[in-house]
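Here is a short briefing on strands, sheet packing and aromatic contacts. Look over the sequence and the model before reading on.

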Amino acid sequence: MSFTARRFSRLHKIIGLVVGIQLFFWTVSGLFFTLFPIETIRGDPWRPKIEHGSLETMAVQVSAVEAAAKVEGLWLNAQLQPFLDRPVWVITTSVTKQMIDATTGETWSPLDPVSFRALQRRFANGEGEARIPGTEATATYLVDHAPREYGGALPAWVIEDDRTQQRIYFDATTGAIRSVRTNRWRIFDILWRFHIMDVTGEDRFDTWWMKLFAFLGLTMVVSGFVLIMDRARKGRLLR
């Protein structure tokens, strides 16, 4: 082996010792990412379908301007939508959202336990392989210290199936489904953090750790190609 080839061989081995574990995590996590459709990771098949009725049959007696006057701050948008067989205005401000009953003008949100139970009774199973947690599931109102897996706005409601640990998070101000979390998603989240080398959970893939190991991994591949070409030139490729 020539002097240059020996140096590349030594470089290849040293880098392999340094980045080998991370290359293992990259491969394992990448394999897991390809095994399941992203829709199942996000929990789309387990999102309950909720029928709120049709606006065509509902009487709207409060205008958007009147509803917006009940919300603090500068309002940006007003959307009329059905909610539990009643018309509501969803008023969006620069800080939050608020639901106002379009019939009485009363503030509808955040949803109290009675309103949320009424919403929960309307759950219908989607096309997923797992059942949707119904009224028998545990419901919890979150004001602060939400689980990391949620990552959405508070306050929020979460229902959990104790059997499968499946959780569905709802925005308490609009009743909208924010996210569905399953064990498959939690495994994905852990592997993703190792994949991008950011265990803090901030989902940054531009850290200097990532750049350094990516550069070392590329160097390892290049040095390996140099060694292959050297062995092929000497007729010892398969020996």
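Rings of Phe, Tyr and Trp (its six-membered ring) pair if their centres lie within 6.5 Å; planes under 30 degrees apart count as stacked, over 60 as edge-to-face and the rest as tilted. By this rule the count comes to 10 aromatic pairs.

This is a predicted model: local features need pLDDT of at least 70, side-chain atom pairs count only at pLDDT 80 or more, and totals for chains, interfaces and linings use all residues. Residues are numbered from 1 along each chain as its sequence is written, and side-chain values use heavy atoms, with hydrogens and water left out.

**Aromatic contacts**

- Phenylalanine 83 and tryptophan 108 make an edge-to-face pair, with 5.5 Å centre to centre and 85° between the planes.
- Phenylalanine 83 lies in strand β1 (residues 75–83) and tryptophan 108 in the loop between β3 and α4, so the pair ties together parts that are 25 residues apart in sequence.
- Helices (H or I, at least four residues) and strands (E, at least two) are DSSP runs, numbered from the N terminus.
- Phenylalanine 83 is buried, at a relative accessible area of 1%.
- Tryptophan 108 also counts as buried, at 15% relative accessibility.
- Buried means under 20% relative accessible area, exposed over 50%, partly exposed in between (1.4 Å probe, protein chains only).
- One aromatic cluster is formed by Phe116, Tyr141, Trp157 and Phe170.

**Strands β2 and β3**

- Strand β2 (residues 86–93) pairs with β3 in the antiparallel sense over five bridges; strands pair if DSSP finds at least two bridges between them.
- A hairpin of three residues joins β2 to β3.
- Valine 90 has methionine 99 in β3 as its bridge partner.
- Four of the five residues of β3 (residues 97–101) are buried.

**The four-stranded sheet**

- Four strands form an open sheet in the order β4-β5-β6-β7, with antiparallel pairing.
- Its edge strands are β4 (138–142) and β7 (177–181), each pairing on one side only.
- Neighbouring strands here are turned by 20° against each other on average, direction ignored.
- Axes are lines fitted to C-alpha atoms, for helices over the stretch in contact, and angles run from 0 to 180 degrees between N-to-C directions.
- Strand β6 (residues 166–171) and β7 pair in the antiparallel sense over four bridges.
- Arginine 167 stands opposite arginine 181 in β7.
- Helix α4 (residues 113–120) packs on the sheet and touches β4, β5 (156–161) and β6; contact means heavy atoms within 4.5 Å.
- The direction of α4 makes about 50° with that of β5.
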